[in-house]
Structure formats: C-alpha cells, structure tokens
Amino acid sequence: MSNHEAVHAPVGGRLMTRPFTILLAFAVVGAIAAAYRFANGIGSVSNLSNGYPWGVWIAIDVVVGTAIGCGGYAVGLLVYILNKGQYHPLVRPAVLTSLLGYGLAVLAVVIDLGRFWGLWKVPIFVWRWSHSPQLEVALCVAAYTMVLVIEMSPALFEKLRAGAASGTRRFAENALRVLEKNFFWILALGLLLPTMHQSSLGTMMLLPGPKVHPLWFTPWLPLLFVVNCIIIGFAVVTLEATFSAAAFGRPRETRMLASLLHVAAWVAIGWAAFRVVVVALSGKLGFLASGYGVAFLAEVGLLVVAGAILLSPERRSRPACQVRAAMIMLLGGILHRVNTYLIAFRPGAHFSYFPAVPELLITFGIIATEVAIYIAVVKTLPILQGPPAKHTA
Amino acid sequence: MALDRRSFIKSVAVGGVAAAGAALPAAASERPVAPEGALGMLYDATLCIGCKTCVVACKQANDRQPDPGPWGEEHLYDAPLDLNENTKNIIKLYREGDTYSYMKQQCMHCVDPACAAACMLHSLQKDPVTGIVGYDPQYCVGCRYCQMSCPYNVTKFEFSKALPLIVKCELCRHRVKDAAVKGPDGFTRYPGGQGQACCEVCPRGAVISGRRDELLAEAKRRIAAAPGKYFEDRVFGETDGGGTQVLYLSRVPFEDLGLPKLGPEGVPRTAYAVQEGIYYKIPFAAPIGLFAVLAGVIYRNKRAEQVAGAEGGAKR
C-alpha cells in the first residue's frame, strides 16, 4: 500500500468547527446515557424486554454498523482480488470507515452485553467454545477489527516518517517495510474475516427460526447477508467519497465511482433477483399479501430501483444521480438487515418494541462519535487523495 | 460491459463461497435423542384446577422475589402476568366460550435446545445424564441470544439489574442434587422423592415428575384409556421441535395454550446444518481454503503489477 502513499495527504485545517462540536455534544449525551445504563441495568434506558431481547443496539449499531464498515471489504475485493487497481484511491478512506464501523460496533456490543465483564473469556476459554454462529461472529469481528488497525497503520507511520525525530523516522520506515512485506496475507485475512462473520450474521437468525417470519427464514440467509454487506459497502464508499470531496475540497472521483456503481448495480439487481427466486421456489409468495410483504418488497424494490438508475451510463456519470442511487441502495441494504433482526422477528402478540429515547441517544452518540473520529483522522492523517494539482506547489 | 458482468459474477462467487454450499448439507445433520436417564415432567391440562400452588412453591424453591404485577404495589401483590426474571413457572388460562383450559409454562428442557446451541461458552448446557438444560453464570456474557433463540420464550433476563443473570427453570436441579443417587446402570435417580417443587405440591397430580420415557409411556396410557379426550390423541413434546423433556396433554389445541407449531426437526438444526456445513464437517477447510485462495490471488496480482512496473509499462 505504501507505494501509493504519494496520492494521500492530510486535509488539515481547524478541528473544532461547528458541526464537529455538535457531533461531540451528541457523543457526550450518548456517553451519559450509557453511564446510566451501566449503573442501573439495560432496562433503565431501553425498551428491550424478554420478548425483544435485541433492539436497535444490535440491529442498527452492530448488524448495520458492521455492514457500513464493509466498504473496505467491498472495495478490497475489487482492487486486490479482481485486480481493479484503478479503485485504489478509494481503499484507504474505505478502510478508515470500516475500522470506525467495526470499532464502534464493538463498543455497542459492550453496552448491550448484560454481563460484559466476562467478554474477555470468549476468545480465551477455547475449551468452552460451542458451535454457536454468534461465537464465530464474535471472534471474527474482534480479529477483523485488529486486522483493520494493521491495515490502517501505514497512514500513521507515514505521518511519523514525515516527522522530525530521526528515531521515530527510522522506526516508522522499518514498520512500513515490514507491513509492505506481509501485506498480501494481512489483506487476505481482511477479506476472509468479513466473508466469514457477515455470512454468520445471517446464520445467526436461523437459530430463532420459528420466531422469524417465513419470508426471511431461509437457509440462504448467510449468502444473502454476505452479498448484502458488499452492496452496502459500495454505497457507503460512494457516499463517503462524494461527501469528502465536497466537504474538504478534494478532487471528485466521479468517473471511478461511475464504474464502481456499475458493478454495484449488477450485484444489487442480482441479489434482489436471487432473493425473489428463493422465496418463490420455497413456495412462500403467498406471504407477500401482508405487512411483511411490504417490508419484503421494500428491501428488494429499493435495490432494483437503485440498480435501474445506475444501469444508464448517462445517469451514473452524474454525481447527483450517483449520490441518490447510492442512498437508495444503502437504504435497501440496511432495510434487509433491520427486517431480518427486528421487523421479521415475532416473539408473540403480547410483546412489542419501539426504542426508548435514551436507547436511541446511545445509538446516536455512537454514530456521532464515528463521524467525529472520521473528520478528525482525515484532517490529521494522510487518508484522502491529495488536493488538486494547482494547490500543490 | 462484459468486464463488469464478469466482476459481478466473481464478486458473488468469492463473497459467497463459504456460504454457498451451506444450504445443501441440511439433510445430512443427525437428530439428537434424549439421554436415557432424561428427567422431565408431564403436565395434564385436563387435571389442572389453576390453584397456582406450583407458582408459589417454585418461587420458594428458587429464591425468587414476589412480582408486584401490573399495579407495581410491591408490598401487596405477587401477581406475575407471564414468565419473567422472578417467575420460572406460571399458570395461565385459555378461555373461549365454554371451553377453557389451564396452561403451565416453564422451561421445556428440549431434547435439542436452541438456547444451548446459541450459547457461546456453554453457559447454558444440556446435562448429558439428566438432560436438564442448566445455567452456569460463570461463562455468561449476557448477550441474550438464548432468549432470541428459544421458540417457547422461556429464557428470561434481569433487565433491571446492573449485574444481571439469565433466569429459567432448571428442573429444580439444586434440590435434587443431594438426593441424587447414581445407580449401577449409570443413571441418576432420586429415591428421596425431592423432585421439582411444582410437582411435589400439585394437589391434583396435574404435573408429575419422572424419567422422560416413563412419563411418555404414562401419557400414552392416558390417551389409550380415553380415546378422543385429548387433542389429536397425542403428547406435545414427543417429537415437537425435536422433542422436549416436559410433556403436555391437553383437551384444547396446543396452539391455543401458546405452544408453537414446530416440526419434528430440532429447532437449531437449520442453523447447525449451515454452520457445521461451513466450518466443522471438514474442520475449518472452507475458511482455510478460502484464505489460501485469497492470499494466492493477491500475491499473484501484486507480482504481475511489479513485473509490469519493472517493464516500465505502468498503465495507470
């Protein structure tokens, strides 16, 4: 990766801008709500119940959060496996988004776990390991978060190398050399682990099978989830590249995004077609005539609409259309996950769930923290593609 | 563009390689059976008079706090509406027109328990001798995946506590522990008679405790003695959801009593078939193989790039 370092540069500029302060305020409010939860139990801040033991913390912060963190995975597959080097400038910011998505998902898990203090036993007590799909998710997410830290570390070492002290400079140079030598297997891990745990996130909802609506209960759920996270990844990379370019005055990557979105469009349409075919072949089309049918059609339809927009070469080369289609695609992708984990989960007629205000404040706090750290990091470390040539003197 | 279509096909192939073969071996998974000495209970809803003595006895035997009920008057009521963190056993009433039936709800001690399949460190575990699904908080991280997975909504969690536990009926295994005698045949029995508190106090013998095979025989005897009396002339739990160690007889349909309609397949079988198919059938072959392929492709691509660079033909 470091042979491409010339293209990356820190954005610089003042950190404590007004939007940044607002993000910090949300983070602080979320932290206060989380502190209250640790003192008084999960029930004190949330509407989670014995019928709905998992709510927005798991469905949004973890299940959707890690999928949003799959930008690095989706672009990594293109660049390193399909050898599409032209997308390389997208990799580093995508990996940063991934690291933040996964790092904060881990934080959300700690808030959600009732007995979080025993979490350290999960990777250590190998002799107690079960064949639970959730164990696979837990171990893989932890490992992948570490891999993302390693994948991100060249940005830090490049910054150190540019520093003054000769000792740190030598250390940074050595570290970069070691990373360069070992990158192919670190990258391979970085592609293997998401394949494993994103599919397992689908497997996880097979265990509550009898409580999951038949439209979502299919043994193909693992495959649907792993391709779904690639779709979400493409959408997130598009939005992140576009908004970064706008916010930080960086060169737009419109042409690169156009061809990326062309791939994404076919993946999305393929996913939607497969989803419908699986439901049809298992004879479940009758379930479409219900509220659940609307939720199903929404998650499939949004992807088809996004794909249809992007199939036109004229439309997908316009930034406004790219953003619109990516947002629709993101929404459709997210909806499949929220549907599977919350909407399609039916514990019984006398249970209901809607998130409580402090519960949502914790989720908002986590999202705000994610965006705030992203801004802080791209301003100080070489993540984004360098400024247009006219500014470099 | 042909290139993009190929990319798409490849992306799907690479991304789903581990998961793709998963749905196929579903039929190959074996069906667990109850251990020979499996303990259980038989609840005959036609005998229950709804006195709820069992609810009180269960609370005493398991050190559970009174439940203030919907009024929240802690000093006056013990009125749980449903199973909860203070209530491991409850009596409910189904009523429609002239038909009514009581319903006793507690852990079913599934032959193939989904909660134990969900548990990462075997904090919930099925005893190999008694078949009791017991809870050991030492390894519990409070993830509540067991609650998600239980098809009977039995597993409960102390949402109101900072240091919470999972709460569920453990078939009074703490009461029978000291009275347990391991027979020469290797099975544990309870000659002292200290069984489940709910069975001990039931004035009508509506719920009785014993070995699962004996209880099943008894239930079938009752059905044979009065054909047509019981719903579908069958015992709930013989095969439902892979079988349970708590068995039910009822005059009204089991679904009316809140028992889910489950096939003969164990509830965790679909998830297990996928998970075992990917990871354990040939241990870790899929992830290791996929890793080797990924690393190989990345290495090859990088070499090709370097060679191209050395020839001075960097096209990008």
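Reply: Two residues are in contact if their C-beta atoms, placed from the backbone, lie within 7 Å. The model examined here is predicted.

Me: What share of the contacts in chain A with a separation of 6 or more comes from residues 24 or more positions apart?
Reply: The count takes in contacts in chain A with a separation of 6 or more. Within that set, the share of residues 24 or more positions apart is 82%.

Me: How many helices and strands does chain A have?
Reply: Read along the sequence, the pattern of chain A is α-α-α-α-α-α-α-α-α-α-α-α-α. The count for chain A is therefore zero strands and 13 helices.

Me: Why is chain A described as being as compact as a globular protein of that length?
Reply: The C-alpha trace of chain A spans about 65 × 55 × 45 Å along its principal axes, and buried residues make up 51% of its 393 residues. For 393 residues the globule rule gives 21 Å, and chain A is as compact as a globular protein of that length because its radius of gyration is close to that value, at 21 Å.

Me: How far apart are the end C-alpha atoms of helix α2 (residues 56-68) of chain A?
Reply: Helix α2 of chain A is mostly covered, with 13 of its 13 residues buried. At 1.5 Å a residue, a straight helix would reach 18 Å. The end C-alpha atoms of α2(A) fall short of that, being only 15 Å apart.

Me: Which element of chain B gives the most residues to the side that touches chain A?
Reply: The contact takes 66 residues from chain A and 68 residues from chain B. Elements giving two or more residues to the side of chain B include α1 (2-20), α8 (269-280) and α9 (285-310). With 13 residues, the element that gives the most is α1(B).

Me: How do the residues on the side of chain B that touches chain A divide into nonpolar, polar and charged?
Reply: Gly counts among the polar residues in this division. On the side of chain B that touches chain A, the residues divide into ten charged, 14 polar and 44 nonpolar.

Me: Which strands are the edge strands of the open sheet of three strands in chain B?
Reply: Strand β1 (residues 39-44) of chain B is joined to β10 (residues 207-211) by five antiparallel bridges, G40(B) having G210(B) as its partner. With β11 (residues 246-249), β1(B) pairs in the parallel sense over four bridges, and L42(B) is partnered by L247(B). The order is β10-β1-β11 with mixed pairing. Each edge strand pairs on one side only, and these are β10 and β11 of chain B.

Me: Which helix packs on the sheet in chain B?
Reply: The twist of the sheet averages 20° from one strand to the next. The helix touches β1, β10 and β11 of chain B, and its direction makes about 20° with that of β1(B). Its residues are 212-225, and the helix is α7(B).

Me: How many residues of strand β1 of chain B are buried?
Reply: L39(B), M41(B) and Y43(B) point one way from β1(B), while G40(B), L42(B) and D44(B) point the other way, and all are buried. Strand β1(B) is largely enclosed by the rest of the structure because the number of its buried residues is six of the six.

Technical notes
Residues are numbered from 1 along each chain as its sequence is written. Chains are lettered from A and ligands numbered from 1 in the order in which they are written. This is a predicted model: local features need pLDDT of at least 70, side-chain atom pairs count only at pLDDT 80 or more; totals for chains, interfaces and linings use all residues. A residue is buried if 20 or more other C-beta atoms lie within 10 Å of its own, exposed if 12 or fewer, and partly exposed in between; C-beta atoms are placed from the backbone. Two strands pair if DSSP finds at least two bridges between them. The radius of gyration is taken over C-alpha atoms; the globule rule is 2.2 Å times the number of residues to the power 0.38. The expected span of a helix is 1.5 Å times one less than its number of residues. Axes are lines fitted to C-alpha atoms, for helices over the stretch in contact, and angles run from 0 to 180 degrees between N-to-C directions.
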